[in-house]
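These are my notebook entries on what I looked up in one structure, kept in the order in which I went through it.

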Amino acid sequence: MIFTGINISLYWVLTTVLNYEITLSIMLILLFDVIGTILIIAPLIKLIDFLINKIRRTSGQSYTENRNTRDYIFNTNKIQTLFVFDFDNNLITCGYLDYQQSGDNNYFDLALMPLDHPENQYSFEYIVEEVSKHENSRTLVDFEKQIKIYILRD
């Protein structure tokens, strides 16, 4: 609504105040939309996100980001070892992350490379203890699929 209001205001100024022709006014507004988006609006949105996070930080709240949780967790250049458990703490599978489907279609897919040790060697308690020792490790809980993924990062 804000951007529509800006476009209407620009159109009114160009046609009424400056007496430009309608086609020239529309062309200038379209040009402004393209250039304005790149030079003004995109940096303005980043500034607003920065200010929101700064306010959140000063009030003791967590940092917010406009990414899928899976993308936030898995998109790193570090080696990641994944342990997938069901909600009953039974190991489903484990391995090194090879590929992760992006969250565009809300479909969750992982490609894992096998570990050097057999899967039955890893208990739930052992994995939880290992994850808690490493600062860069994460846990992803997917309530829809009813799985917990423990991620160890090297």
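In which helix is Asn53 found? I found Asn53 in helix 2 (residues 22-58), where helices (H or I, at least four residues) and strands (E, at least two) are DSSP runs numbered from the N terminus.

Before going further I noted that this is a predicted model, in which local features need pLDDT of at least 70, side-chain atom pairs count only at pLDDT 80 or more, and totals for chains, interfaces and linings use all residues. Residues are numbered from 1 along each chain as its sequence is written, and side-chain values use heavy atoms, with hydrogens and water left out.

**Asn53.** I recorded Asn53 as buried because its relative accessible area is 5%; buried means under 20% relative accessible area, exposed over 50%, and partly exposed in between (1.4 Å probe, protein chains only). Leaving aside neighbours within four places in sequence, Asn53 is in contact (heavy atoms within 4.5 Å) with Tyr63 and Thr64.

I next looked up Lys148, which lies in strand 5 (residues 147-153) and is buried without a salt bridge, the nearest side chain of opposite charge being that of Asp86, 6.8 Å away. For charge, Lys and Arg count as positive and Asp and Glu as negative, while His and the chain ends are not counted; a salt bridge is a side-chain nitrogen of Lys or Arg within 4 Å of a carboxyl oxygen of Asp or Glu. The side chain of Lys148 does make a polar contact of 2.4 Å with that of Asn89, a polar contact being a pair of N or O atoms within 3.5 Å, where within protein one must be able to donate a hydrogen and the other to accept it, and residues adjacent in sequence count only if both atoms are side-chain atoms. Lys148 also touches Leu140, a residue of strand 4 (residues 138-142) that counts as buried at 9% relative accessibility. I noted that the C-alpha atoms of Leu140 and Tyr150, ten residues apart along the chain, are separated by 6.5 Å.

**Salt bridges.** How many salt bridges are there by this rule? I counted three. Lys133, exposed at 54% relative accessibility, pairs with Glu129 at 3.7 Å between the closest N and O atoms, and with Glu130 at 3.3 Å. Lys133 and Glu129 are separated by about one helical turn because they are four residues apart in helix 4. Glu130 counts as buried at 15%, whereas Glu129 is partly exposed at 44%. In the remaining entry, Lys145 forms a salt bridge with Glu144, with the closest N and O atoms 3.5 Å apart.
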